[in-house]
Amino acid sequence: MSIDIDTARRVAHLARIKVEEADLPALAGELSGILTFMEQLNEVDVEGVEPMTGVTPMRLKRRADVVSDGDMQDKILSNAPDAREGFFAVPKVVE
């Protein structure tokens, strides 16, 4: 897949990256190279291969999927510069 200069300009705009007009051909080439590499990865047969969290086999720690309030209000409010009545206190911003 090849990326043209107009597409590179649009990607830069969407990513909110300022790219000079002279640098657009290089950016288009880099993006095309990335997509070519991704196409090569799609050719790899991964049938039966389980996802990994790293290079060493390990299971992620799991917790029960239950709704709770966290029970950490005191710990969280201890980081606040100003806390009152169990809430963060912030300066008034609307008159």
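Asp6 is exposed, at 51% relative accessible area. The model is predicted. In it, Asp6 pairs with Arg9 through a salt bridge, 2.8 Å from N to O. The two residues sit three apart in helix α1, about one helical turn.

Arg9 also bridges to Glu21, with the closest N and O atoms 2.4 Å apart. That pair ties together distant parts of the chain: Arg9 lies in helix α1, Glu21 in the loop between α1 and α2, twelve residues away.

The count comes to three salt bridges. Arg84 and Asp82 form one of them. Shared partners join Asp6, Arg9 and Glu21 into one network.

| Residue | Relative accessibility | Class |
|---|---|---|
| Arg9 | 33% | partly exposed |
| Glu21 | 53% | exposed |
| Arg84 | 54% | exposed |
| Asp82 | 29% | partly exposed |

**Helix α2**

Helix α2 covers residues 24-42. Its 19 residues should span 27 Å at 1.5 Å a residue, and its end C-alpha atoms are 27 Å apart, which agrees. Leu24, Ala28 and Ser32 are buried in α2. They cover an arc of only 70° around the axis, so they fall on the same side of α2. An α-helix has 3.6 residues a turn, so residues three or four places apart point the same way. Helix α1 (5-14) is among the elements covering the buried residues of α2. Ala26 and Glu30 are exposed, on the face of α2 turned away from its buried side.

Ile34 also belongs to helix α2. Ile34 is partly exposed, at 46% relative accessible area. Ile34 and Ser2 are 32 residues apart in sequence, yet their C-alpha atoms are 10.0 Å apart in space.

Definitions and conventions:
Residues numbered from 1 in each chain as written. Predicted model: local features only at pLDDT ≥ 70, side-chain atom pairs only at ≥ 80, totals over all residues. Heavy atoms only, no water. Helix = DSSP H or I, 4+ residues; strand = E, 2+ residues; numbered from the N terminus. Expected span 1.5 Å × (residues − 1). Buried < 20%, exposed > 50% of the residue type's maximum accessible area, 1.4 Å probe, protein only. Arc of directions from axis to C-beta. Contact = heavy atoms within 4.5 Å. Salt bridge = Lys/Arg side-chain N within 4 Å of Asp/Glu carboxyl O.
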